[in-house]
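Before the figures for this entry are settled, I would ask you to go through the points below with the coordinates open.

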Amino acid sequence: MSDGANLRGRFITFEGGEGVGKSTQIRLLESRLRAAGLDVVVTREPGGSQRAETIREYILGGGARALGPMAEALLFSAARIDHIDSLIRPALQAGKWVLCDRFADSTRAYQGANGKLGDDVMQALEQVTLAGVRPDLTLVLDMPPAIGLQRAASRRAAGAPADRFESEGLGFHARLRKAFHQIANAEPRRCVIVNADRTAPEVGADIFRIVDERLGDAAPAPAITR
Ligand SMILES: Nc1ncnc2c1ncn2[C@@H]1O[C@H](COP(=O)(O)OP(=O)(O)OP(=O)(O)O)[C@@H](O)[C@H]1O
Ligand SMILES: Cc1cn([C@H]2C[C@H](O)[C@@H](COP(=O)(O)O)O2)c(=O)[nH]c1=O
């Protein structure tokens with residue numbers, strides 16, 4: 001969340017490479033948190049607001065590729081500013097739990113590490129973009145990239161092309177995995193790496209246990225059933 005005392009909710013982000021199961025796990029966690037009586041908002045990046053969804057279409061369609069990683073990072077950040085202002089901050093101020101499919105760590109990994117933008121640039125960008133809205137917990141879903149890419153490909157409609165980043169080579173996706181590990185290892189109070197190469201219910205049980213351990217005091221009696 002949240003360095004502002006007026007942000008009462010909880011902010012959980014899901015990160016990782018392509019096809020690691022973030023959307024699937026967000027749906028599972030959403031239903032468990034709702035069952036525990038919490039007010040939950042599910043959202044995603046890039047996107048989550050009308051203007052940010054327009055930017056999403058442009059970037060994932062490959063429109064910004066030729067501009068290079070710095071310009072792409074700025075576009076993701078522009079989308080994030082609108083998303084934070086119009087949806088995330090108001091939800092946190094209202095005491096809701098926000099589950100977000102990707103956030104600033106994706107910019108660090110995809111544009112920063114893979115695009116070779118310096119840490120100083122990435123930190124400055126986050127400082128102005130996030131304006132104090134930072135995740136309470138980040139779940140980094142981890143698996144060999146070849147498996148995730150295979151899952152992402154099998155999810156696509158027949159004949160649909162891979163998007164801007166799915167179509168990068170295996171080396172790009174291997175560097176992403178390393179970057180997410182580095183991010184998580186550098187911030188162990190915020191980030192947990194979750195082995196996503198298991199069945200969805202197994203991963204989901206692990207995630208709920210982590211959420212309960214890390215943020216359970218904020219929830220009305222979250223009960224682990226398995
Ligand atoms: N644990 C799992 N085992 C096998 N298949 C899974 C598992 N979790 C999700 N899937 C399937 O893999 C595909 C990708 O899952 P999902 O959309 O949840 O991933 P994602 O991380 O949100 O992907 P992306 O970042 O590419 O949008 C879907 O077809 C989904 O049904
Ligand atoms: C937020 C963000 C995302 N990306 C990349 C990562 C994915 O390839 C796509 C989003 O697609 P998904 O199916 O919704 O995961 O965008 C990025 O490069 N930088 C970012 O900041």
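The numbered points below concern a predicted model.

1. Searching the whole structure turns up three cavities of 30 Å³ or more, and the largest cavity holds about 110 Å³ of space. Its lining is made up of 14 residues, of which G16, G17, V20, M143 and R177 are the closest to the centre.

2. Composition of that lining. At least two lining residues of the largest cavity are supplied by each of β4 (137-142), α6 (145-155) and α7 (170-186), and α7 gives the largest share, with four residues. Sorted by class, the lining of the largest cavity consists of eight nonpolar, three polar and three charged residues.

3. Helix α8. This helix runs over residues 200-215, 16 residues in all, and its first and last C-alpha atoms are 22 Å apart, which is close to the 22 Å expected at 1.5 Å a residue. The buried residues of α8 are V203, G204, A205, D206, I207, F208, I210, V211 and L215, and the elements that cover them include β1 (10-16), α1 (22-35), β3 (97-101), β4 and β5 (191-195).

4. A charged pair within α8. D206, listed above among the buried residues of α8, forms a salt bridge with R209, with the closest N and O atoms 2.5 Å apart. Because R209 and D206 are three residues apart in helix α8, about one helical turn separates them. In an α-helix there are 3.6 residues a turn, so residues three or four places apart point the same way.

5. Other salt bridges. The count for the model comes to 20 salt bridges, and one of these joins the side chains of R155 and E166 at 3.3 Å, N to O. That pair links distant parts of the chain, with R155 in helix α6 and E166 in the loop between α6 and α7, eleven residues apart. R155 counts as exposed at 55% relative accessibility, whereas E166, at 11%, counts as buried. A salt bridge also joins the side chains of R44 and E53, at 2.7 Å, N to O; here R44 is partly exposed with a relative accessible area of 34%, and E53 counts as partly exposed at 24%.

6. A cis peptide bond. Between E45 and P46 the peptide bond is cis, with omega near -10°, and P46 is located in the loop between β2 (40-44) and α2 (50-60).

7. Positive phi values. Which value does phi of R102, a residue other than glycine, take? It is near 80°, and R102 belongs to the loop between β3 and α4 (104-113), where R102 is buried with a relative accessible area of 12%. K116, which is not a glycine either, has a positive phi of about 60° and lies in the loop between α4 and α5 (119-130); at 70% relative accessibility, K116 counts as exposed.

Definitions and conventions. Residues numbered from 1 in each chain as written. Chains lettered and ligands numbered in written order. Heavy atoms only, no water. 1 Å grid on protein atoms, 1.4 Å probe; cavity = no way out; pocket = protein on both sides within 12 Å on 5 of 7 lines; lining within 4 Å. Points joined across faces, edges and corners; volume = space filled by probe spheres on them. Nonpolar A, V, L, I, M, F, W, Y, C, P; charged D, E, K, R; others polar. Expected span 1.5 Å × (residues − 1). Buried < 20%, exposed > 50% of the residue type's maximum accessible area, 1.4 Å probe, protein only. Contact = heavy atoms within 4.5 Å. Salt bridge = Lys/Arg side-chain N within 4 Å of Asp/Glu carboxyl O.
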